[in-house]
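Biologist: Could you take me through this model, starting with how its helices pack?
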Amino acid sequence: MSSLRVSPTPASAGYVRAVLRDDLAVLPEPVREEVALIATELVGNAVLHARAMADGQLAIAWGVGEHGVEISVTDGGSPTQPAVAEPHATDTRGRGLSI
């Protein structure tokens, strides 16, 4: 597994996306793009909905295994409990936990 730590800012999502694209260059381009998109979404959710860890950072880890790519984003938790939403078909938010 590879890993890095980033500041809990919106710009970190783009940075993580670029790092993963480069690090996963052995994968086919469409797979690499999907992985980068998912990582961007996970980092964005941590920035929007959670706190940083005790060191002021978010931790991102990823690796390629026999059955696919694993990505994890670790944050410091949230002051509220997440709840699955039922967004309208035209809503642009609210699907994260369902995915």
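Modeller: This is a predicted model. In it, α1 and α2 are roughly antiparallel to each other, because angles over 145 degrees count as roughly antiparallel. Their axes cross at roughly 155° and come within 8 Å.

Biologist: Which residues does each of these helices cover?
Modeller: Helix α1 spans residues 10–23, and helix α2 spans residues 29–49.

Biologist: Is the crossing of α1 and α2 left-handed or right-handed?
Modeller: The crossing in which α1 passes α2 is right-handed. On the α1 side, the contact is made by P10, S12, A13, V16, R17, L20 and R21. Residues of α2 in the contact include R32, E33, V35, A36 and V43.

Biologist: How many of the contact residues are nonpolar, polar or charged?
Modeller: The contact of α1 with α2 has 10 nonpolar residues, two polar ones and four charged ones.

Biologist: Now to the core. Which residues of the largest nonpolar core touch the most other members?
Modeller: They are V16, L20, V43, L58, I60 and W62, out of 16 residues in that core. At least two core residues come from each of β1 (2–6), α1, α2 and β2 (58–65). The most are given by α2, with five residues.

Biologist: What is I60 in contact with, beyond its neighbours within four places in sequence?
Modeller: I60 is in contact with S2, S3, L4, V6, V16, V43, S72 and V73.

Conventions
Residues numbered from 1 in each chain as written. Predicted model: local features only at pLDDT ≥ 70, side-chain atom pairs only at ≥ 80, totals over all residues. Heavy atoms only, no water. Axes fitted to C-alpha atoms, helices over the stretch in contact; angles between N-to-C directions. Helix = DSSP H or I, 4+ residues; strand = E, 2+ residues; numbered from the N terminus. Parallel < 35°, antiparallel > 145°, perpendicular 65-115°, else oblique. Left-handed = near helix turned anticlockwise from the far one by under 90°. Contact = heavy atoms within 4.5 Å. Nonpolar A, V, L, I, M, F, W, Y, C, P; charged D, E, K, R; others polar. Core = buried A, V, L, I, M, F, W, Y, C linked by side-chain atoms within 4.5 Å. Buried < 20%, exposed > 50% of the residue type's maximum accessible area, 1.4 Å probe, protein only.
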